Amino acid sequence: MKEDELKKTIYQMLKEIAPDTEPLNLKDEENIQETLYIDSYDALQFIVALDERLGVEIPEQDYGKVKSIKDLISYLKTKIKIT
Amino acid sequence: MIEFQMPSLGADMEDGTLVAWKKKPGDFVSRGDIIAEVETQKGLIEIEVFDQGILGELLIKEGTKVAVGTVMALIREKSEIDVEKEVIELQPIEEKVAFEISPKITEERKQKITPLARRIAVENNIDFSKIIGTGEDGAITKEDIEKAQTLKYQHFKIGNGEEKFAKKEILIKKEIIESATESIRMAVAAAMSKSNKEIPHYYIEKKIDMSKALKWLQEANKNRTVKERLLPASLLIKATALALVEFPDLNATWNNGLQLKKEINIGFVVSLRTGGIIVPAIHQANTKTIDEIMAALNDIIPRARALKLRSSELSDSTITITNIGEGGAETVFGVIYPPQVAIIGFGSSIELPFAENGMLGIRTVIKVTLAGDHRATDGLIGSRFLSSINKYLLNPELL
């Protein structure tokens, strides 16, 4: 998967979880959950979506490593092949 | 004959609009069956029936707004059916039932239409009897209704570019969301005003060391797939439910005196992203396992957000929990939902210096509050109750 495709998929998933927000305006370093006002329940739905669409199961102890788009992409790079 | 009435889904509900009958005359209904869909301030609610029998006359037309308590249909009890058995055999039920609704409406019922499409049609006064459905088996879909709406709209406005179609569709969706948001706002306003006017609240707070509970949760989640993972909220709900078994005076309603409730049905506050709250009930939470509570949350949260709950979920709560979750305010003092007598507020989890047995350490802490109805209980009961919640969260293996 190409990095820009991956990013697009992530934005899409966030838009589904928080339809009234504009994930595209999210800066790469910003805290996703805080900026888009995503609660713990929806945060878990995002983790579930990452597993379902990308096949990456993020263990609970790694939640801290995926707080921003930038961190999330670096994390995903260690799990799936991204060009 | 049993009268099936428009139920009250909260102290603030005065009326509801019948959107669709889900059963037809002659159908056998039993407790828990969904008999109708009703549009209320809290969204499109599936109304359950609490009796058993054969559905008789439908007295209310679909699309009609009726007050709480209005008789909407008649249900014939089993005993009545036995007595009238011979008559029934001679006269099939379908023919025997007197329809008060016009033949045109009866025809409409035969036409297949999805619930969402029906809702949009009713809300926008669209006569769907003439629409040819494009869905499965010719069912009318949301898209068909929206298209009809667009065409209706275009009688007034010139121009039919594709973009305009799309814009109008978005506009319709936005209007539906906005009207739901507004009515929920009004429902919250009515209930909270009543509470503030009638209930003398008292407030108490306790800090709970969550280290053990969260460690237990982390261990439990290690062996679970992503979908099966538990959220801290499930532990908070179970601990509260168990503590309520010890303090039944808080699991009650006040109506010219204290009325204890047999079941512990926890109303869990779900915030809507567009504003407002919905409080669906988790039934008999004290008897559920943590996994069952989590499954209940996974079931009701998305439905609450989509404003699609069942009547029992909106009307059965015996107490309320509001949970701020991660990263939010540290303390929340609730306003009691009448006629309940207590609301429990869990703040966000925070790391704090925590002294225990003369030692100081850093612990993850949650501040739990109780707002109690002072007519029903006193601070002492409230304080013991919070200590009981604390006891369960310090010993998660008890949950």
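A word on the model. It is predicted, so local features need pLDDT of at least 70 and side-chain atom pairs count only at pLDDT 80 or more, while totals for chains, interfaces and linings use all residues. Residues are numbered from 1 along each chain as its sequence is written, and chains are lettered from A in the order in which they are written, with ligands numbered from 1.

Domains first. Chain B has domain 1 (2-110), domain 2 (111-198) and domain 3 (202-398). These bounds come from an automatic or database domain assignment. Twelve residues of domain 2 of chain B contact ten residues of domain 3 of chain B. Contact means C-beta atoms, placed from the backbone, within 7 Å. On the domain 2 side, six of the residues are nonpolar, three polar and three charged. Nonpolar means Ala, Val, Leu, Ile, Met, Phe, Trp, Tyr, Cys and Pro; charged means Asp, Glu, Lys and Arg; the others, Gly among them, are polar.

Now chain A. Its contact with chain B takes 13 residues from chain A and twelve from chain B. The chain B side has three nonpolar, five polar and four charged residues.

Last, two helices of chain B. Which residues of α9(B) meet α12(B)? They are L235(B), A239(B), T240(B), L242(B), A243(B) and E246(B). Their partners in α12(B) are F385(B), S388(B), I389(B), Y392(B) and L393(B). Helices here are DSSP runs (H or I, at least four residues), numbered from the N terminus. This helix contact has eight nonpolar residues, two polar and one charged.
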